[in-house]
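Subject: Structure handover

Hi,

Here is the structure for you to look through.

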Number of protein chains: 2
Amino acid sequence: MNTTPIRPVAAADIESWDFEADVVIAGYGIAGVSAAIEAADAGAEVLVLERTGGWGGAAALAGGFVYLGGGTAVQKSCGFTDSVEEMKNFLRAALGPGVDEAKLTDYCEGSVAHFDWLVECGVPFKHTFWGEPGWKPPADDGLQYTGGENSAPFNTLAVPAPRGHVPQMDNKKSGEKGGGYMLMKPLSEKAESLGVRAEYDMRVQTLVTDADGRVVGLVAKQYGKEVTVRARRGVVLATGSFAYNDAMIEAYVPRLIGRPAASIEEHDGASIRMAQALGADLAHMDASEVAFFCDPQLFVRGILVNGRGQRYVPEDTYPGRVGQLTLLQNDNQAFLVIDEAAYEEGMAAPTATEQLRRTPTWVCETVEELEAEMGLPEGALTATVAMYNRHAANGADPLLGKKSEWVKPIGSPVAAIDLRGMTGGFTLGGLKTSVDSEVLHVTGEPIPGLFAAGRCTSGLSAWGYCSGISLGDGSFFGRRAGKAAAAEG
Amino acid sequence: MNTTPIRPVAAADIESWDFEADVVIAGYGIAGVSAAIEAADAGAEVLVLERTGGWGGAAALAGGFVYLGGGTAVQKSCGFTDSVEEMKNFLRAALGPGVDEAKLTDYCEGSVAHFDWLVECGVPFKHTFWGEPGWKPPADDGLQYTGGENSAPFNTLAVPAPRGHVPQMDNKKSGEKGGGYMLMKPLSEKAESLGVRAEYDMRVQTLVTDADGRVVGLVAKQYGKEVTVRARRGVVLATGSFAYNDAMIEAYVPRLIGRPAASIEEHDGASIRMAQALGADLAHMDASEVAFFCDPQLFVRGILVNGRGQRYVPEDTYPGRVGQLTLLQNDNQAFLVIDEAAYEEGMAAPTATEQLRRTPTWVCETVEELEAEMGLPEGALTATVAMYNRHAANGADPLLGKKSEWVKPIGSPVAAIDLRGMTGGFTLGGLKTSVDSEVLHVTGEPIPGLFAAGRCTSGLSAWGYCSGISLGDGSFFGRRAGKAAAAEG
């Protein structure tokens, strides 16, 4: 057999199968393990093919947020009221125009049950809330705002509730493992307890279809040797994003060229390519998470301005939103303007993100001097700070709606920190799938025998992002994929 | 034969062919006619399938700009110096990150010869330049700046030259026909003179492939009846954009939902879908042209501010760039702030775009009053105008680099014109093709027998746009498609 990578292989050309199972899953990250558990639970024999030497994927290296709401046990314990409707309203506004309404509805309506399922699988959540600005809790708190729910403009569009649920980290102080590890560990143990088998160092190459166009297996490489894997009921693609596929980044998300982040090198888009070769449709290929590499404890205490010295984002919002607006709408130009007192306070704040602290690039007595040193047009930054201070004196920010607790006039001495180019991210677009995680052909019909979930699919995000959406839709629609595949044939 | 739309058909299942030619071209717009001429010139028997009742496509309804440079006869006659390098430098900056360098190079290097070819085909160009702000010349001048070449920031990145070449309109005063008609008419006559045949009311459905995966024809519907068309050498897809395919817009360019413009309803993405069903790759699906429905003669004389009262674009740039920055980076929020004298001057300017004139929404004696009436935060617009006027007194605009000829302090009375939502556009993404207009499979290899050009492909634009790029890359790479298809088999 002589396969070209990506181009599908006919089942008739395969003489013998090296491996065989009811449901074959490519990728042992969050979507793969969730699919495996559900498929095994439904009585299917399950085989997971993982490219690296062990389970985990990007999920195990992640902060571990799962975006859940509508009244989870953690939300209730922490005193927050939430509802399916408010969750939907927020996500519809935050994730951008073009959100898949069917997926959004299912996800929000099934959110509490999904949380309970994770707990049943052994994922530990501490029922405590962390409310400080930051990418993640410094200790083991289990709940945080991770999408700007309580910031402008979203706090005027939906009743805010924190929905970033992070598994409790048992060895946080050592810094060895994060919340993502504590998500993946119990789930993979659960899968193992259900009899799920895994083959490692298994690099998926192409899909195998029968004469009717049904996906009946795949071809992979294990230790450099080509192997064939038969899937009696279905194949689930769960191999992650295309953040490390340079050609795809150039064709679909060129603003991310040279700046992959919060991603792993295995994210080469292979599943997307293999399914495209069968005529699979795509969605939201330009969408991307964008991290902003500066401590929110610092920038919430000052003002962020673009290359023209203009403010463009409420500084107390989700830092990923700061990243998106900086990279995608402000030419990746950002400067933090902050006075000495606020800077000292921010540096002394209880935060675990020491690597995100930044030192001042320019320090001056007046904003006029600062603006000149920064090379901004005369009067630009001066006008911005004057406008900000004028309202800050009353604790208000009518321009962008930063909450009054973070609004203080900028005094002297005043510094600016150069944050140009401090962004990076991963891709959110991919295969277009149904709410049952069927991979959809460009005709709109499902491709028989083929399912997908996680970041190789377009999930909930159409453009915007919240921390927890990837592990959220990956686990939620991963389960759907496992169930649907197990129910086939 | 029972075909599902889009899903490819096997040649073996076709009992007889209703039509047959060496090269079969779907779509009789600019890309189709250019492909037809070259294929016929190379000795191929050519058949064009057109969905409507006649040749023309969107091209015949368009303003007619063809983006060409490097020293065309028109540029020289009008006294402009240009070079391939400067053209490349400008386009690389203007069309966004991720531009296809191979296509850009070929296009710029072949630009003068392509102009000469159009002239040889009978396309008339008047050797006169129109230099006023506007979407197109009010009379029959043949050359205009159509990409912001002579505006900030591009005038600092490349030596400016106008490159928008528009065919001379012989009956402009009647308003019946535009430059696009005068482009399409001689080209279609040329094609006819070379023996190109056309079948009208022919709606292409699916591609036909042989056992080796080679495209050997297609299935279409003519007057509701299914017909088969054999292509002995190759099929060229040239059917236009997906601006009117709602599902594709939602999946790929959601910011254009509900706002197609400068496009025709035949632009339903059919060619993209048919080729995707064979595993064709895509590129830059989120890219879009964005028109801004306000007369440049008006807005160049004032300042454009976003929903926060901040300036965001030099008002003397290409109006399509104003549209893009408004829709994509400023939440589709735009207001024109202009004083009475400037407004009167703009309304009296020699311009053909009467339908783009706008009347003031608010008029006040002072900017403070205006800002309050507009509902902007106190001090926001005041600061913006003060900053602008401070430098305008010296004829300068250090914030955005508007040229001094358009920079004048804003006086009293002062008006604001509500331009929110005044955008619309068409899509620029599509099939990924080689410089020879071969449709590329996701493996990176060409799909044998299949070629494409025009707005069903991703051409020169990766994100940005200039007027004339679509007719430019459509005609240029349409010719390549015709040549390459004729050379097959």
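One definition to start: two strands pair if DSSP finds at least two bridges between them. Please keep in mind that this is a predicted model.

The sheet in chain A is open. Four strands form it, in the order β13-β14-β16-β15, with antiparallel pairing. β13 and β15 (362-364) of chain A stand at the edges. Each has a single partner strand, so one side of each lacks a neighbour in the sheet. The twist averages 20 degrees from one strand to the next.

Now the pairings. Five bridges join β14(A) to β16 (residues 414-418) of chain A. There, I338(A) has A415(A) as its bridge partner in β16(A). Three bridges link β13 (residues 303-305) of chain A to β14(A), and I303(A) stands opposite V337(A). Three bridges also join β15(A) to β16(A). In β16(A), V414(A) is the bridge partner of C364(A).

Is β14(A) mostly covered or mostly uncovered? Mostly covered: five of its five residues, 335-339, are buried. In a regular strand, side chains alternate between the two faces of the sheet. F335(A), V337(A) and D339(A) point one way, L336(A) and I338(A) the other.

α11 (residues 340-347) of chain A lies across β14 and β16, at about 105 degrees to β14(A). α12 (residues 367-374) of chain A touches β14, β15 and β16 of chain A.

Last, the chains. A rotation of 180 degrees with 0.0 Å of shift along its axis superposes chain A on chain B (RMSD 0.0 Å). The two copies are thus related as by a two-fold rotation axis. The same surface serves both copies: 100% of the contact residues of chain A recur in chain B.

Best wishes

Note on methods:
Residues are numbered from 1 along each chain as its sequence is written. Chains are lettered from A and ligands numbered from 1 in the order in which they are written. This is a predicted model: local features need pLDDT of at least 70, side-chain atom pairs count only at pLDDT 80 or more; totals for chains, interfaces and linings use all residues. Side-chain values use heavy atoms; hydrogens and water are left out. Buried means under 20% relative accessible area, exposed over 50%, partly exposed in between (1.4 Å probe, protein chains only). Helices (H or I, at least four residues) and strands (E, at least two) are DSSP runs, numbered from the N terminus. Copies are superposed by least squares on the C-alpha atoms of residues with pLDDT of at least 70 in both. Contact means heavy atoms within 4.5 Å. Axes are lines fitted to C-alpha atoms, for helices over the stretch in contact, and angles run from 0 to 180 degrees between N-to-C directions.
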